[in-house]
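The sequence and structure are shown first.

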Amino acid sequence: MSSKRWSDLGRPPLNASALKRALVGGGDGLWTELEVVESIGSTNTELADRARKGTARAGTILVAEEQSAGRGRLDRTWSAPPRSGLFFSVLLKPGPPGPRWGWLPLLAGVATAGALARAAGVDMGLKWPNDVLVVIEGEERKVGGILAERVGEEHLVLGIGLNVSLRAGELPVPTAGSLALAGATGTDRDPLLRAVLRALEDWYGRWSAAGGDPSGSALLEAYAAGCVTLGRAVRAELPGGEALVGEAVAVDSDGRLVIASEQGVQHPVAAGDIVHLRPAAGE
């Protein structure tokens, strides 16, 4: 990868060759290829196109130093300065049945939050379904998001975007944050990326070995333990413009958020935008 545009000494480029040596070529490992590009529209879009054309195989990792058309959930844009974060997608060919693929973005959230807590020394939380949160000056801020897209009948592209070194003046919205602003012990992106991808491989292996069963793989338990949405009063803004207000009481075996209304009726929510209406207990 060319480093001609590297001008911010606090944000060195990723070391593609070192990342390949650390992650690819282990024989029976999940990761088969790794590519780092300087700039791209969207890693998810590019990797999905390659999968459709048959030019990318399962286990491919595509990393961008900068995205010009990054996307999040609900068609939201994702933007950040070059080399200020980790922006990557992976191509998977899941073995478990299709109905259980809905757990993959939640699995990625568990892997990402756990890896960053260990590697960056920052307490992480998950907002259902797959926003990655930190606390900055007493307020929850989003530092990462996950987007899963099915490609044909056999493949799925999983995209992860993480703000690493963004400064306060660079945040795209007031509710955003970064690992640096949360007091990370280090913002070297190479070890952070390795940690996330190794955790993702570990959890994907457990989930696959259990046939996609979230309980049998301990994924449901891990997600519930890290999900800061549970126990909160929330408003779910549902597709079609409807809204549901109540307490988030559980995540069910299908990965849906269960919201109990004031009348005590439990409503499983499979898709929607969740707004936390009160702080978590102890905040």
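A crossing of two helices is left-handed if the near helix is turned anticlockwise from the far one by less than a right angle, and right-handed if it is turned clockwise. Helices (H or I, at least four residues) and strands (E, at least two) are DSSP runs, numbered from the N terminus. The model is predicted: local features need pLDDT of at least 70, side-chain atom pairs count only at pLDDT 80 or more, and totals for chains, interfaces and linings use all residues. Residues are numbered from 1 along each chain as its sequence is written, and side-chain values use heavy atoms, with hydrogens and water left out.

**Helix packing**

Axes are lines fitted to C-alpha atoms, for helices over the stretch in contact, and angles run from 0 to 180 degrees between N-to-C directions.

| Helix pair | Angle | Axis separation |
|---|---|---|
| H1 (residues 16–23) and H4 (residues 189–209) | about 30° | 11 Å |
| H3 (residues 104–120) and H4 | about 140° | 8 Å |
| H3 and H5 (residues 219–226) | about 60° | 10 Å |

Angles under 35 degrees count as roughly parallel, over 145 as roughly antiparallel, 65 to 115 as roughly perpendicular and the rest as oblique. With an angle of about 30°, H1 is roughly parallel to H4. H3 and H4 are oblique to each other, and H3 and H5 are oblique as well. The crossing of H1 and H4 is right-handed, as is the crossing in which H3 passes H4, whereas H3 passes H5 in a left-handed crossing.

Contact is taken as heavy atoms within 4.5 Å. Residue classes are assigned as follows: Ala, Val, Leu, Ile, Met, Phe, Trp, Tyr, Cys and Pro are nonpolar, Asp, Glu, Lys and Arg are charged, and the others, Gly among them, are polar. From H3, Leu-106, Leu-107 and Val-110 meet Leu-219, Ala-222 and Tyr-223 of H5. This contact of H3 with H5 comprises six nonpolar, no polar and no charged residues.

In the contact of H3 with H4, the H3 residues include Leu-104, Leu-107, Thr-112 and Arg-118, and the H4 residues include Leu-192, Trp-203, Tyr-204 and Trp-207. By class, the contact of H3 with H4 has 17 nonpolar, one polar and one charged residues.

Between H1 and H4, Leu-19, Ala-22 and Leu-23 of H1 meet Asp-190, Leu-193, Arg-194, Leu-197 and Arg-198 of H4. The contact of H1 with H4 divides into five nonpolar, no polar and three charged residues.

**The aromatic pair**

Rings of Phe, Tyr and Trp (its six-membered ring) pair if their centres lie within 6.5 Å; planes under 30 degrees apart count as stacked, over 60 as edge-to-face and the rest as tilted. The count by this rule is one aromatic pair. The ring centres of Tyr-204 and Trp-207 are 5.9 Å apart and the planes stand at 35°, so the pair is tilted. Tyr-204 and Trp-207 are three residues apart in helix H4, which means a separation of about one helical turn.

Accessibility is classed as buried under 20% relative accessible area, exposed over 50% and partly exposed in between (1.4 Å probe, protein chains only). Tyr-204 is buried at 8% relative accessibility, and Trp-207 is buried at 0%.

**Backbone features in loops**

Most residues other than glycine have a negative phi, and most peptide bonds are trans. Arg-83 has a positive phi near 65°. Arg-83 lies in the loop between strand E4 (77–78) and strand E5 (85–92), and is buried with a relative accessible area of 9%. Glu-137, also not a glycine, has a positive phi of about 55°. Glu-137 occupies the loop between E7 and strand E8 (139–151) and is exposed at 78% relative accessibility.

The peptide bond joining Trp-128 and Pro-129 is cis, with omega about 0°. Pro-129 belongs to the loop between strand E6 (125–127) and strand E7 (131–136).

**Two further buried residues**

His-276 lies in strand E14 (residues 273–276) and is buried, with a relative accessible area of 18%. Leaving aside neighbours within four places in sequence, the contacts of His-276 include Lys-127, Leu-133, Glu-140 and Arg-232. Ser-261, in the loop between strand E12 (257–260) and strand E13 (266–269), is buried at 12% relative accessibility. With neighbours within four places in sequence left aside, Ser-261 is in contact with Val-245, Gly-246 and His-267.
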